[in-house]
Amino acid sequence: MRSKTTVEAVAEKAFTPANQINCSGYVKDVAHQLGVYMPLGANANDLVKYMKTDGFWTKLGNNDVEASKMAGQHYLVVAGWVNQNGHGHVVVIMPGRDGKFARASWGSLGNAGNAGENKGINWAFDPHERSEVQYFAIPVSALVTSQ
């Protein structure tokens, strides 16, 4: 049995140099540490498509308020944007808000300087992307409610 933890603690542990330059690797590492399956070899676009079709993930649409709330209530919440012309982007949602935006942590493809830890999603997605971001949640028994 996995010990109880918070999503913030797992996200911090997964924020390694290798994951800071790989958003999908970062999300898969957080999920793996929590006992949540994510397909190996999947890039950000693939992860979003997987969560859309897998019956265990709850689809939250483009609702970052609900995503923030669920992130503090025993759920792993992932936000993702599919780029039809290249690499998409995925982030792990943290409980709470950063002003008017959901808080998140993420890696950034090939550029650790663009990685973010406990920042508003406005730093992870530009305004056009934010309007297309989809949020997904899955219950995780190893998570305790965040304060």
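## Helix α3, an enclosed helix

Eight of the eleven residues of α3 are buried, so this helix is largely enclosed by the rest of the structure. Buried here stands for under 20% relative accessible area, exposed for over 50% and partly exposed for anything in between, with a 1.4 Å probe and protein chains only. Helices (H or I, at least four residues) and strands (E, at least two) are DSSP runs numbered from the N terminus.

The model is predicted: local features need pLDDT of at least 70 and side-chain atom pairs count only at pLDDT 80 or more, while totals for chains, interfaces and linings use all residues. Residues are numbered from 1 along each chain as its sequence is written, and side-chain values use heavy atoms, with hydrogens and water left out.

The buried set in α3 consists of C23, S24, G25, Y26, V27, K28, V30 and A31. Their cover includes α1 (7–14), α2 (17–20), α4, β2, β3 and β4 (101–106). After α3 comes G35, with a positive phi near 80°.

## A look at Y26

Leaving aside residues up to four places away in sequence, Y26 touches A11, A14, F15, N19, V92, S105, W106 and G107, where contact means heavy atoms within 4.5 Å. Between the C-alpha atoms of Y26 and A14, twelve residues apart along the chain, the separation is 6.4 Å.

## Helix α4 and the strands

Helix α4 (residues 44–53) has A44, N45, L47, V48, Y50 and M51 buried. Covering these residues are elements including α3 (23–33), β1 (58–61), β2 (75–81), β3 (89–98) and β6 (134–139).

Strand β6 pairs antiparallel with β1 over three bridges, and antiparallel with β2 over six bridges; pairing requires at least two DSSP bridges between two strands. Within β6, A137 is the bridge partner of T58, and I138 is that of L76.

## The largest pocket

The largest pocket has a volume of about 200 Å³. A pocket is an open set of points on a 1 Å grid over the protein atoms alone, where a 1.4 Å probe fits, with protein on both sides within 12 Å along at least five of seven lines; lining residues have an atom within 4 Å of a point. The volume is the space filled by probe spheres set on the points, which are joined across faces, edges and corners.

Thirteen residues line this pocket, with C23, H87, G88, H89 and L109 nearest its centre.
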